[in-house]
Amino acid sequence: MKRWLMLLPLAIFLVVAVFLYRGLYLDPAELPSAMIGKPFPEFSLPAVQGDRTLTRADIVGKPALVNVWGTWCISCRVEHPVLNKLAEKGVVIYGINYKDVNADALKWLAEFHNPYQLDIRDDEGTLGLNLGVYGAPETFFIDARGIIRDKFVGVIDEQVWREKLAAKYQALVDEAKP
Amino acid sequence: MKRWIAAAILGLSIAGVAHAAIDTYEFAREADRERFRELTKELRCPKCQNQDIADSNAPIAADLRKEIFRMLGEGKDNQQIIDFMVDRYGDFVRYKPALTAKTALLWFGPAGLLLGGVVVIAVIVRRRRVQQRAENRTELSSEERERLDQLLDKNQE
């Protein structure tokens, strides 16, 4: 048989090995979002504070982060101080309080400071469902036209923000400038 | 012996409980119950990955069951319900992914590999057969015959 045919099993092995090696560093819990590139869904939900009703129109206009959280979500507590810092720096963040008890949410916001410009109250998880949320925290990046441009699943810590997300947000801000 | 029977009964009772997440949905039509079962078996829980949403106790799976129940009540057909889920959670939620350019490898990859294997084996078998035939051959080639004739001629002289 030809000499090169003898190398074929080795070649196949190498290809498979590369794929498996890459697989070691992929997080299977991270799904590609089906929502990227789609407009933020319509909604009409109460605010966490007061009687105001919030709709999609309230959050469209500026590039922003839309953060899905709940007081039952332990990692949200880790993320919260980072969001506070970002809000201080001028990043626009809207909050969706997802499947939570409102009194708990109010207490949380009073205790830990409120980084959100608007607090959407999604008790039933209907908006979360329309967003394809499957856990918390999840953070959506929307542009000035209200199109979902990116999604981050998991805790935003300072490193993730600095290395991955800040540039994405900045790109949306730059894009919105005339 | 008594102890064994008690253990068996206890085991069986646990097996019943551990079977699946059970919701109490009242269906208007018996056909809807069947479709509900089908759909929750075919859709995959986004949170727990290797369970279908019928089987999962995750809150998100419960929400999705509720949503399927609602849509069945509205008279949506299976395709509409599946499209609703895929729009939000992507192809990932289907255990039977749609046939698209992206999923073609998934659908045809195994058959392709099998075909490749069959071709390789066929080639090897044929090559071996040709080789064997060459070894077993009793006929002489034209050169051999010529040489044989020469030898025979020489002998006759």
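Helices are DSSP runs of H or I with at least four residues, and they are numbered from the N terminus. Residues are numbered from 1 along each chain as its sequence is written, and chains are lettered from A and ligands numbered from 1 in the order in which they are written. This is a predicted model, in which local features need pLDDT of at least 70 and side-chain atom pairs count only at pLDDT 80 or more, while totals for chains, interfaces and linings use all residues.

**View 1. The end of helix 3 of chain B.** Just after helix 3 of chain B, B:Gly75 takes a positive phi of about 85 degrees.

**View 2. The buried face of helix 3 of chain B.** The buried residues of this helix (20 or more other C-beta atoms within 10 Å of the residue's own, with C-beta atoms placed from the backbone) are B:Ile60, B:Ala61, B:Leu64, B:Arg65, B:Ile68 and B:Leu72. Seen down the helix axis, they fall within an arc of 140 degrees (taken from the directions from the axis to the C-beta atoms), so they line one face of the helix.

**View 3. Helix 2 of chain B against helix 3 of chain B.** B:Asp32, B:Arg35, B:Phe36, B:Leu39 and B:Thr40 in helix 2 meet B:Arg65, B:Ile68, B:Phe69 and B:Leu72 in helix 3, where two residues are in contact if their C-beta atoms, placed from the backbone, lie within 7 Å.

**View 4. The side of chain B that touches chain A.** The contact takes 12 residues from chain B and 12 residues from chain A. Helix 3 (59–73) and helix 4 (78–89) of chain B each supply at least two residues of the chain B side, and helix 4 gives the most, with four residues.

How values were computed: A residue is buried if 20 or more other C-beta atoms lie within 10 Å of its own, exposed if 12 or fewer, and partly exposed in between; C-beta atoms are placed from the backbone.
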